[in-house]
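Work through the exercises below with the sequence and the 3D view side by side. Try each task before you read its solution.

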Amino acid sequence: MKLYYSETPNPRKPCAVAKHVNAPVEFVRVELAKGEHKTPAYLAVNPNGKTPALADGDVHLWEAHAIMAYLALKSGSDLWPDNPVLQIEVMKWLNWDTAHFSRHAGRLWFQRFLKGAIGAGDPDAAEIEEATGFFKQFAGILDDHLKGRDHILGNRLTIADFGVATFIPLADQAELPLEPFAELRRWADGMMAIDAWRDPWPSEYSTLG
Ligand SMILES: N[C@@H](CCC(=O)N[C@@H](CS)C(=O)NCC(=O)O)C(=O)O
């Protein structure tokens, strides 16, 4: 089972899950700066030309959230719950995250960090203002939900936590306005205390080559 990754926000999620559950994956590093994600070899695995991707025999997966679920399932880990209703609850939060929470956190990270890092110009003040408003709106929902809960599903860690935490390690670079959200900050500290989340990148990997 090969897990194709780059050291960027979306691959962080399946890499962390693979490490956390000790999944038997061969990590394959894809160097975005060299355009390796646009080569025919890689497009055969993921025609979207994005990381992460996973190949396990005939199973070819893209989308970080689907890959996390697959890794947890294959490893018999309850990061992906057995109970179908809880599975739907996990999906709810992962979809919410893509559409709302990490979406606007990602906009802030792009404006405040990535743009400068890749020479894509100066931050756009109007974009930052709009994304900040949306980020605070959805952070408030997460903050309310986390009252009395250690994890998104309550007392158990699931892939929902790994999904929603995508931009937590990048909160300083993105200057995420987390200060008003004490419950969210408590949960975020808990995520950063998980070794595999804090340090998701493999020490051994092969390259697309
Ligand atoms: N929805 C996809 C997003 C994947 C994605 O955008 N990956 C970024 C790295 S974080 C990428 O490969 N960017 C390169 C590009 O778009 O050219 C997922 O969750 O896996």
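The model is predicted: local features need pLDDT of at least 70, side-chain atom pairs count only at pLDDT 80 or more, and totals for chains, interfaces and linings use all residues. Residues are numbered from 1 along each chain as its sequence is written, and side-chain values use heavy atoms, with hydrogens and water left out.

**Exercise 1. Describe the chain as a whole.**

Step 1: Count the elements. The chain has 9 helices and 5 strands. (Helices are DSSP runs of H or I with at least four residues, strands are runs of E with at least two, and numbering starts at the N terminus.)

Step 2: Read their order. From the N terminus it is β-α-β-α-β-β-α-α-α-α-α-α-α-β.

Step 3: Check the radius of gyration, taken over C-alpha atoms. The globule rule is 2.2 Å times the number of residues to the power 0.38. For 209 residues, a compact globule would come near 17 Å; the chain has 17 Å, so the two agree.

**Exercise 2. Find what surrounds the ligand.**

Step 1: List the shell. Among its residues are Thr8, Pro9, Asn10, His37, Lys50 and Ala64. (A residue counts as near if one of its heavy atoms lies within 4 Å.)

Step 2: Find the main contributor. Helix α1 (residues 9–20) gives the most, with 3 residues.

Step 3: Look for polar contacts, pairs of N or O atoms within 3.5 Å. A polar side-chain atom of lysine 50 is 2.6 Å from a ligand oxygen. For alanine 64, a backbone N or O atom lies 2.9 Å from a ligand oxygen. A side-chain N or O atom of histidine 37 is 3.1 Å from an oxygen of the ligand.

Step 4: Judge the cover. The ligand alone exposes 510 Å², and the protein buries 73% of that. (Areas come from the Shrake-Rupley method with a 1.4 Å probe.)

Methods:
A polar contact is a pair of N or O atoms within 3.5 Å; within protein, one must be able to donate a hydrogen and the other to accept it, and residues adjacent in sequence count only if both atoms are side-chain atoms.
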